[in-house]
Amino acid sequence: MTEHSTDYKLVIRPKYGLLDLNWQELKEYRELLFFLALREIKIRYKQTMMGASWALLQPFFTMIIFTLIFGRLAKMPSDGVPYPIFSYSGLLLWTYFSNALTQSSNSLVENAPLLSKVYMPRIFIPTAPCLSGFLDYIIAMSILAVMMVYYRFMPGISILLLPLIVLLTFMLASGVGYWLSSICVKYRDVKFVLPFFVQLLMFVSPVIYPVSIISGKLQWLLYLNPLTGLMNAHRACLLEHSPVDFIGLSISALITIVIFLSGILYLRSTEKYFADLI
């Protein structure tokens, strides 16, 4: 060994298959994922006067508008729950999902210099925005806690399901983000279609209305959207106004796992072309 040799070395080998995810490599780079998520938070609130308060203001003012339009004017049913807390509990999960999906889908193109000059697990780039969104979700939860005290809603034992529901929402946003971010590297049309897609998805998800508003024969159509079971369970375990629909939650979990795993496989199958295309 010469005096200039080092004990540290990195050997980059070609991948041998789609299922060869190299967990050891992901473990070694786990600190990088943390710093990418931290960077997302800093960039989001850099040079803003309100800082992290935007995480509160965005769902809060949306809830007020929804309450005036859908709760007061349209008289939208809310399963016996006051409409402000009904809509806010749905908006809480929807805001996390939509922000995570939007930022994740554009992440590979926005990080083009990093992608073409530094070797790292590519999957970390679209995962980081989904992780950083947890902070906004936790901050926005404080408004719901105040509303629960005001409207006298006490969570029961089903609140223990909340971490699982948030984890599944993270997997759903990440899975769709893996698909769209990989496609966006080749076809930039995604960034034009995505806002319309997200807006449409909100209206086919039970954010502003309960699932019970749809008649029984057509209700199964709503459950093809994995957000339906997740939002129902999220609202039920927080407000305890109805039992958790475990069948709907199981359907959403199954669809979410399929989207998450297929998203990883698609990203891995296309990542070797990223540096050339971007």
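**A close look at one loop**

Guide: Let's start with Ser78, which counts as buried because its relative accessibility is 11%; buried means under 20% relative accessible area, exposed means over 50%, and partly exposed is in between (1.4 Å probe, protein chains only). A quick word on the model: it is a predicted one, where local features need pLDDT of at least 70, side-chain atom pairs count only at pLDDT 80 or more, and totals for chains, interfaces and linings use all residues. Residues are numbered from 1 along each chain as its sequence is written, and side-chain values use heavy atoms, with hydrogens and water left out.

Ser78 belongs to the loop between α3 and α4 (83–105). Those helix labels come from DSSP runs (H or I, at least four residues, for helices; E, at least two, for strands), numbered from the N terminus. A polar atom of the Ser78 side chain lies 2.4 Å from the backbone oxygen of Val81; a polar contact is a pair of N or O atoms within 3.5 Å, and within protein one must be able to donate a hydrogen and the other to accept it, while residues adjacent in sequence count only if both atoms are side-chain atoms. Leaving out residues up to four places away in sequence, Ser78 touches Tyr83, Phe86 and Pro210, where contact means heavy atoms within 4.5 Å.

Most residues other than glycine have a negative phi. Lys75, in the loop between α3 and α4, isn't a glycine, yet has a positive phi of about 55°. Asp79 lies in that loop between α3 and α4 too, and its phi is also positive, near 55°. As for cover, Lys75 is exposed because its relative accessible area is 62%, while Asp79 counts as partly exposed because its relative accessibility is 40%.

Leu73 counts as exposed because its relative accessibility is 70%. Together with Phe61, Ile64, Ile65, Leu68 and Ile69, Leu73 forms a nonpolar patch on the surface, with about 580 Å² of accessible area together.

Definitions and conventions
Patch = residues over 30% accessible without salt bridge, like charges linked within 9 Å, V, L, I, M, F, W, Y side chains within 5 Å. Areas by Shrake-Rupley, 256 points an atom, 1.4 Å probe, with all protein chains shown as cover. Salt bridge = Lys/Arg side-chain N within 4 Å of Asp/Glu carboxyl O.
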